[in-house]
Amino acid sequence: EKGGYEHFMLKEIFEQPRSIADSMRGRVRADDGHLQLGGLRSYLDRLAASKRIVIVGCGTSWHAGLVGEYLFEELARINVEVEYASEFRYRNPIIKENDIVIAISQSGETADTLAAIELAKSKGALIFGVCNVVGSSIARATDAGAYTHAGPEIGVASTKAFTAQVTVLTLMAIAAAKSKGTISEEDYRQLLIELENIPSKVQQVLEKAEKIKEIAYIFTYARNFIYLGRGLNFPVALEGALKLKEISYIHAEGYPAAEMKHGPIALIDEDMPVVFLATKDSSYDKIVSNIQEVKARKGRVIAIITEGDTLIPTMVDFVIEVPKTHEMLVPLVSVIPLQLLSYYVAVMRGRNVDQPRNLAKSVTVE
Ligand code: F6R
C-alpha cells in the first residue's frame, strides 16, 4: 500500500504532482481561461464583495491559511486575518456583515477548527470550508466550500494536503480577483498557465531527492534549525520548521527573514543551520542581504533558490534549485525541498516518520 516507498510520508511527498493536478482538475483550463469551483459558484459574488476574510485552522492548515492571506490580499485586495482556531474560539471575535470565514482542515475533524466554525456561525458569518475528507464534520458544518483532492493522507506529517490546500486557496483568490476586477486579463491568463505547469515543476524538484538526501545527511547532527523567508515564503519557512520538528524532534523555528535582527540572530554560530527561502521574486535583494548577515556570523546556510541563480551559490554552503514560476505560486514549489529535507533527516536519525511520538493524525480533542 506504500507503493514501493519506505514510508507513507515519502509516498505522499512524491504524489504531489498528481494531488495538485487533481485539486485543479475540471476547475482550471488556461487555454480558454476557465476557472470554476463548483461548490462556490453561487457564493462567488459574496466572496468578491466581502470586506474581510477570516481564515481559521491549526498546524499545517494554519500555514496554508497564511499563504492564502497573501493571495487574497494581493490578488483580490480583500483584507484577511488568519487565526489559530484554538485562539479564535476562546475570544469574542468580531464578525461583521460581509465577513467570510474560511476554515481549512485536512481531516475535517479537528476539534478546535470545528468549534471555531460553530462560533463564527452563531455570529452570522458565512463559512467556507477547504477540506480533504469528504463528508467530514467540518465539511458538513460549513455553508459551502471546495474540497482538496489530495487523496488519503496517512503520514502524520501533512505534505500533500498542504500543497492541495494552497492550490485551492489560490484558485479561490484568483476567482475572487477575476470577479472583482482586481486582476488584469494578462495576469489572470498568466496565472492559469503557470498553475497548469506546477505539477511538472514539482516533479522536477522531486527529482532532486538524492541531492537533498546528501544535504540532510550532513545536517543530521543538528540540534536546532532556523528557517527564514519573506512574503509568500514566510509561511513556507514556518511549515519547513514544523515538518522538521514533528518528525525528527529537532528544534526548529521559522521566522520572517527580517525579524532575525530582532532577536534570533543571537543564535547564529558555526553550528547553526539556517534554511533560506531565497527564490527570485520581489524580495530577492532583501533576502540576499539577510543571507550575508547570517554568513557574517558563520551560520551554515542551505538556500532554496530559483534555477539559474548564480549569485547565491557563491555565498552559501548548499543550494537546492527550484524551477521559476509566478511569484504567487512559489510556495507550491519551494515547500517541496523542505518536506524532503525533514524526511531524510528524520530517517537518518532513526525516527518513526509516519507515526511520530505524541502526535495523532487528527486532533479531535482540544
Ligand atoms: C502537521 C500536521 C498538523 C495538522 C493539524 C491540523 O504536519 O499534520 O499540524 O496540520 O493538526 O489538522 P487538520 O488539517 O486535519 O485540521
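**Close-up views of the sheet and the ligand site**

**View 1. Ile104 stands opposite Val130 in strand E6.** The model is predicted, with local features requiring pLDDT of at least 70 and side-chain atom pairs pLDDT 80 or more, while totals for chains, interfaces and linings use all residues. Residues are numbered from 1 along each chain as its sequence is written, and side-chain values use heavy atoms, leaving out hydrogens and water. Strand E5 (residues 99-105) runs parallel to strand E6 (residues 126-131), and six bridges join the two. Strands are DSSP runs of E with at least two residues, and helices are runs of H or I with at least four, numbered from the N terminus.

**View 2. Five strands make up an open sheet.** Their order is E4-E3-E5-E6-E7, with parallel pairing (at least two DSSP bridges between two strands). Strand E4 (79-84) and strand E7 (144-145) lie at the edges; each has a single partner strand, so one side of each lacks a neighbour in the sheet.

**View 3. The ligand is surrounded by 14 residues (a heavy atom within 4 Å).** Ser61, Ser105, Ser107, Thr110 and Glu246 are the closest of these residues. By type, the shell around the ligand consists of four nonpolar, eight polar (Gly among them by convention) and two charged (Asp, Glu, Lys or Arg) residues.

View 4. Helix H4 (59-76) and helix H11 (233-248) are the elements giving two or more residues to the shell around the ligand.
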